[in-house]
Amino acid sequence: MAKTILKDLRMTTESRSYIDAMHAVLTHAGWTSCSKAMLAGMTVTGFRFAVHRHLTAESPTAYNWVAENFLAADFMGVTASSSAGFAFHPTFPLYRQEAVAEIKASLDRGIGAVFWKDCFAVAAGYDDEEGILYYDDGSGHGLQRLPYGEFGQNRSPYWYYQILEDTVELDPIEIYKESLMQAIYKWETHDRMLPEADYACGSKAYDAIKQALHGGAFDPVQAGEVFECYAAAKRDVGEYIGVLASLWPQLEPAAQAYRKTAQAFLDVLGLIAEDPSMKRQARNLVRLFDEAQRAEQEAIGLIKSFMHERIRNRFDHVGLR
Amino acid sequence: MSNMHRIHWFDQRIRGGHYPSSRDLALQFEISRRQAQRDIEYLAVSLRAPLVYIAKHRGYGYEDKTYMLPHLYMTEEEKSVLKFLARKYGEYSTDAPSGVQRVAHLLGRFAGEEEGEGAGRLPYFDADPRLIHISGQLAFAIEQRRTVHLHYRSENGEFREDVCPVRLLSRYNADYVAAYQEHEGKTRLYRLDAIESLHVTNRMFEINEAGDVPFVKGRPPAIQPFTARLRLDRELQGEAWHGYPARPAGDGFYDIDFYDDDAFLQQLTLGGWLNLVSPKWLKTKLRNRCGQILKCLDGEE
Amino acid sequence: MAEVILRGLEMKRESKSFTDSLYAVLTGAGLFSGPKYRLSALSGMAFIFSVHERLLPLSVTAYGEWGTVHKRAADSLGIFTVTDAGRTRHPTFKKYQQDAVKWIKSSLDRGLGAVYWLPEFGVIHGYDDADRIFYVQDGYSAESKIVLYDNFGINFTPFWYAQMFGGKVDIGEKDMVLEALRMALDDWETPHPVPPNRSIASGRKAYSYFIHALEQGDFDSFGAVYVWDAFRGSRTEIMYFLQEASLMFPGLQEAAACYEQLAGMMEQPERWTVSANGGRTLSQESIPALIGVLKEAEKLEERAMGVFRSISVQYPDLKRSTVPRWGLHTAR
């Protein structure tokens, strides 16, 4: 009967994304000293931009967690394993058992684990006698308790966990360059997992947002949450490209463009604070998203010319290393 | 930069005493004046041609009449062989390692492949003359075991240091030199594109141990051979037993490497050994094989 | 220094190599009992039909992201599974390789074989720490292939893949059959299994690629035979399965009849191929007739799919009406 609680593993939320959880685990493990902004850029997660056409709150986490969070770790040279599924599937109890076992094993190795609890949370300990996991979801409530049997039972029908295993040394310059390639991929490619009738990705996400604001078919509270998450992501990306620009001065205009995008998002949040219904300010909001889109498009264009050789050599699939 | 045929033409015109100009080049190949000018610059800078502009003729000549375009003159037949090879390498699987693609491109360039003309999906590399030059200097230093003074710019800042270059490598999308750093006492990788300048010194160095070059783990892995431990019936002269690499393991035993177990089994049936110690699976396989043969010999089904 | 060799695991190449491997592992562990065609259909593997535009031999295994398809197979059978795969050239490969060696050994310790990409798919049925090797059955020869731990995953393709299995939950037979029909529909409607690659087609579209290649005459001769064999085999499996399944869903009788007709058209395998240079190639004279068979087959399958659809819509499908957070594509 074992009990383990990792010391000092705490999570804070900024973008309320996977990055918040990953950053907590990696920093605690001593595997990175990067800021969340740098992590968001290097893992490419900051560049992902997808929305439900009705701007539902799940938009920022509507992506292939298994693939993309694996890649996030892989791009950083961190080996990981993960699993996910529908909690209503008959095999779920088998997977729940394995999940808890894997998470406990990770905690025994002194590494926190990421899992889904209607948001990405970090498992920081367990107690066999009580049959619970201790976790932090960044809500400020400190370590919370989750009985083993309740793992994976969420409001959303998904269960998911990721174990971060070990690190491999990578050339940081290659990480930065690869992230730029992936940023282009994210801007231009629709996520296969999301039906196009209901979701839009990359550049088209802006169009979907503008359309929703025009048409009014959305819940402003949920939309507000979506914009907050992405405002943090855009800010992270602006910071990240800024750091890259100190290495490669040619990227400075791209950094500025992203900062413009981030600023537009901040302005959006400002307008929403003033008009939570988003009806009165709809036109101004659309204008701001338009600005954000144009600035981000400019940034991508600059990144593309910076990376043109490698882009050409990846032919149809800019995302495939 | 598939401009070799234009360079070649320009070179011929100079030799023929025609004093070609950038305008001539542009007209001949229906390219822009700026492109033509770039070709001329390439000839002068990268190919180190002793170009001189003769105002009287409003065109170019060579200061040194004995100058030869290095390694670039080739027959049509040679070009077609290279084009063929370039295509073969280029078509080599979509997940081909980048080394293969680079070869394809290099071959294509020498053959003067035009972009779009059957170049298809050959990767294209900006041939940065500076990188090529640095690479050349490092290759020389490696061969001559000369210490190199590097002026290097990385995200940690700029610095200068003396290193002993050991190997040039290409990984994923970048070129590196593995070099041993004397006062740190270890080998690390330096990106070629982060080298501001370098100077090959007259000091020579000794490398005593291989040292572990970082990031090498990323290389597409090579298949390891199986190793059998055999006691041979006589001492081995040289490092191979019937073509299989062999290392003495003491007491008349040898460790012998092989990839194809069926072929190696066949070799074993020819004798020349007294004892097969390991691996166990090989012994089992050989025993089964012999058992089957004996059954046939004894007329059993 | 441990050594484990599982007996009673019989891998034989009769169907798709993954199906053959899956069958060997599951029947060996008592996780499945029944004929192979039933496993093939219930796992969704039978319905898979993928074709490269030049009928390259890789057509038969290029049916999508293996991790996704093979997990789907285990899910539909109610069996826990872990898959792992990647590209050997990526820098993290060595770590994953060593990890995989460990969990495969633990699977063998528990008496369960593992599926492994040789290529093609084979079954790891034993290990020996002294020699540091795995024993792998490829379904062709009685003797197992030997793979060094250090060579695990390294082969002439850029990918490595391994999969192991665990516990099982009972899923009602009717639910399993329904899920099989739905997987068939998913594959039928997916034109390209590995986008953005458009040189490989699947489902309905695979027919047009197959027919086009035969009409143009520009195709890989060995691959063409392999694709044709795999097609014949899988459609026959579907036929047997539907004959059984129509006991549960009488509406399936019509679909079974389509496949019976299809099987009838493909009779006399010798008619379609000739032996040459120690191998088989498609018989030139039969190609026009073959094209005719394929065109007819497409119509028959389309009809069968219509039957599947009409049965599927009668029951709720939570899995497909909810956007997941995985699958469809694995990490690039």
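Predicted model: local features only at pLDDT ≥ 70, side-chain atom pairs only at ≥ 80, totals over all residues.
Biologist: What is the mean pLDDT of the strand of chain C where confidence is lowest?

Modeller: Chain C as a whole averages a pLDDT of 93, and 98% of its residues score at least 70. Within chain C, helix α2 (residues 36-42) has the highest confidence, at 98. The lowest confidence falls in strand β10 (residues 273-276) of chain C, with a mean of 85.

Biologist: How many Å separate the centres of domain 1 and domain 2 of chain C?

Modeller: The assignment for chain C gives domain 1 as 3-33 + 79-168 and domain 2 as 173-320. In chain A, domain 1 is 3-33 + 78-167 and domain 2 is 172-313, with centres 29 Å apart over C-alpha atoms. For chain C, the separation taken over C-alpha atoms is 28 Å.

Biologist: What area is buried between chain C and chain A?

Modeller: The contact involves 34 residues from chain C and 46 residues from chain A. Carbon and sulfur atoms give 63% of the area buried between these two chains. That buried area is about 3,700 Å².

Biologist: Which residue of chain A forms a salt bridge with C:Arg325?

Modeller: Between chain C and chain A the count is 2 salt bridges. In one of them, an N to O distance of 2.8 Å joins the side chain of C:Arg325 to that of A:Glu58.

Biologist: Which element supplies the largest share of the side of chain C that touches chain A?

Modeller: Across this interface, 7 residue pairs are in polar contact, with both residues at pLDDT 80 or more. On the side of chain C, at least two residues each come from α3 (66-77), β3 (79-87), α4 (93-109), β8 (159-168) and α10 (318-321). That side divides into 15 nonpolar, 9 polar and 10 charged residues. With 4 residues, the largest share comes from β3(C).

Biologist: Which three residues of chain C lose the most area to chain B?

Modeller: Here 19 residues of chain C are in contact with 16 residues of chain B. The buried area is about 1,600 Å², with 56% from carbon and sulfur atoms. Together, the three residues make up 34% of what the side of chain C buries, and they are C:Arg89, C:Glu143 and C:Ile146.

Biologist: Which residue of chain C meets B:Lys280 in a salt bridge?

Modeller: Chain C and chain B share 4 salt bridges. One of these has an N to O distance of 2.9 Å, and it pairs B:Lys280 with C:Asp128.

Biologist: How many charged residues are on the side of chain C that touches chain B?

Modeller: There are 6 residue pairs in polar contact between chain C and chain B, both residues being at pLDDT 80 or more. Strands β6 (133-137) and β7 (145-148) of chain C each supply at least two residues of that side of chain C. Its residues comprise 9 nonpolar and 3 polar, and the number charged is 7.

Biologist: What distance separates the C-alpha atoms of C:Val194 and C:Gly64?

Modeller: C:Val194 is in the loop between α5 (173-188) and β9 (200-202) of chain C. Leaving out residues up to four places away in sequence, C:Val194 touches C:Gly64, C:Glu65 and C:Ile200. C:Val194 and C:Gly64 are 130 residues apart along the chain, yet their C-alpha atoms are separated by 5.2 Å.

Terms used. Residues numbered from 1 in each chain as written. Chains lettered and ligands numbered in written order. Heavy atoms only, no water. Contact = heavy atoms within 4.5 Å. Buried area = accessible area lost by both parts, 1.4 Å probe. Polar contact = N/O pair within 3.5 Å; in protein donor to acceptor, adjacent residues only side chain to side chain. Nonpolar A, V, L, I, M, F, W, Y, C, P; charged D, E, K, R; others polar. pLDDT = per-residue confidence, 0-100. Domains from an automatic or database assignment.
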